[in-house]
Amino acid sequence: MLPQTLLRVSAHLEGDRIVPHYFTARDEPWLRALLAECDRFVGRKRAELHERLRDPLAIRAPKSKLRIAVQVLDACNRARPNVIVPPKEVRAALFRAAAQPHASRDAVLGSVANSFAVTTVELESALFADLPAEQRVAAVPTSFSPERLATDANLAIVAALVRRAAHVQITARGNFRTLIRQARLAGLICRESPLERAADGVALDISGPFALFHHSEVYGRALASLIPRLASCDEFELTAACALGRDGQLSSLALRSGDPIGSGPASAPAEPRLEQKFERDFRRIAPHWDLNRQPPAIASSETLIFPDFELVHRQQPNCRWLLEVLGFWTREYLCEKLQRLHAAGIERFVLCVDQNRDCKKGDLPPDRRIVRYKTRIDPRAILAIITADSAGE
């Protein structure tokens, strides 16, 4: 992610419209020269590479774009510290030893080195090895071409802008399941609806981090994770109301198919451990129920509902429940979701709500089919809701 200082030079305003400063084919010659410099500094400290890059490259590069490209490279070619002892543990031990009265530097280094069974030279080399400036430059993958660097830089620019959004709308046609799945795994406050006159299309209406009171930084990173997934869709259009200036005034960002953020299918999102644990736990305590992962979406009037699980009783196939796992939430969002489920005629459902991701610190709606969770979804709580409903019938 780009820091705020670079965000200000990655785009400009034309009226109320945000115009990103995209990398293009014209930037590829100096990007090639930058990659060559990185190759020369492999194994050396990152601070040395940054010192070299304060001087001009062999080919003239725009200063603002060079800073962005270096930031992107920093994120992808950072080598892990190659030290014998963990740097944090070394620092803590040295600080404790140095606090002793009348302790000389050599004596402190010697005693701490002995405690770790290393030499003083090895100890000193590990002391700050995990700090960014001291980390070693790793080799850039051979597949990382100037074209790839330009694409990744453009993705970073768009992601940084979206992290300052109050509201995001996405329309996508064709092959949009990966995008939907990522939005759900990221726990975004998202409303899905079908596109008019498009059988294979979906519209996403997403709250942005600037519309929330809490968790805005974490939520911003989650929202930005959608950007690389857009390229997996056959067609897409994203519009976002973003606060680009210091005054917080909102301006409009537009991103469409064909913009230079890459193409081709995105990798499938990893299956969340939370859902894996729930599936295992529920199967163990409820052997008479089948648990179906990611059942088909349910279309109702102007909305789409994407359950995470369908629970079906083996002896009573008509007894079916839907379960959805929510991440970030507000009371207004939950009330709206309850209304949508009711309008769709879905009464047998359970909403699992992360108690640590309330973005406006409001109370939960008074509905027995809402279950709080923290690090694990309690399958007994789910089974109790189902059992109570069956007993009521």
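The score used is pLDDT, the predictor's confidence in each residue, from 0 to 100. The mean pLDDT of the chain is 87, and 93% of its residues reach 70 or more. Where pLDDT is low, the predicted coordinates should not be read in detail. The model is predicted, so local features need pLDDT of at least 70 and side-chain atom pairs count only at pLDDT 80 or more, while totals for chains, interfaces and linings use all residues. Residues are numbered from 1 along each chain as its sequence is written, and side-chain values use heavy atoms, with hydrogens and water left out. Helices (H or I, at least four residues) and strands (E, at least two) are DSSP runs, numbered from the N terminus.

Aromatic rings were examined next. A pair of aromatic rings is described by the distance of the centres and the angle of the planes. Rings of Phe, Tyr and Trp (its six-membered ring) pair if their centres lie within 6.5 Å; planes under 30 degrees apart count as stacked, over 60 as edge-to-face and the rest as tilted. The count under this rule is four aromatic pairs. One of them joins Y219 and F328 edge-to-face, at 4.9 Å centre to centre and with 75° between the planes. Y219 lies in helix α10 (residues 216–224), and F328 in the loop between β12 (320–326) and α12 (331–343), so this pair ties together parts that are 109 residues apart in sequence. Both Y219 and F328 are buried. Here buried means under 20% relative accessible area, exposed over 50%, and partly exposed in between (1.4 Å probe, protein chains only).

F278 and F309 also form an edge-to-face pair, with 5.4 Å between the centres and 65° between the planes. F278 belongs to helix α11 (residues 273–285) and F309 to strand β11 (residues 309–313), so the pair links parts 31 residues apart in sequence. F278 is buried, at a relative accessible area of 0%. F309 is buried too, with a value of 0%. Together, F278, F282 and F309 form one aromatic cluster.

Charged side chains also meet rings. A charge sits over a ring if NZ of Lys or CZ of Arg is within 6 Å of the ring centre and within 35 degrees of the ring normal. R357 lies over the face of F328, 4.3 Å from the ring centre. The charged end of K65 sits over the ring of F23, at 5.2 Å from its centre.

Salt bridges form another set of links. Side chains of opposite charge can pair when their charged atoms come close. A salt bridge is a side-chain nitrogen of Lys or Arg within 4 Å of a carboxyl oxygen of Asp or Glu. By this rule there are 30 salt bridges. E14 and R17 meet in one of them, at 2.6 Å from N to O. E14 is partly exposed, at 41% relative accessibility. R17 is partly exposed as well, at 42%.

Helix α10 holds another example. E217 forms a salt bridge with R221, and their closest N and O atoms are 3.8 Å apart. The two residues are four apart in helix α10, so about one helical turn separates E217 from R221. E217 is partly exposed at 47% relative accessibility, and R221 is partly exposed at 40%.

R376 and D281 are also joined by a salt bridge, with the closest N and O atoms 2.9 Å apart. R376 lies in the loop between β14 (370–373) and α13 (379–392), and D281 in helix α11, so the bridge ties together parts 95 residues apart in sequence. R376 is partly exposed, at 41%, whereas D281 is buried, at 4%. A network of salt bridges links R181, R184, E275, E279, R283, R293, D308, E324 and K337.

H313 lies in strand β11. This residue is buried, at 14% relative accessibility. The side chain of H313 reaches the backbone nitrogen of Q315 at 3.1 Å. Leaving out residues up to four places away in sequence, H313 touches H288, W289 and C319; contact means heavy atoms within 4.5 Å.

Terms used
A polar contact is a pair of N or O atoms within 3.5 Å; within protein, one must be able to donate a hydrogen and the other to accept it, and residues adjacent in sequence count only if both atoms are side-chain atoms.
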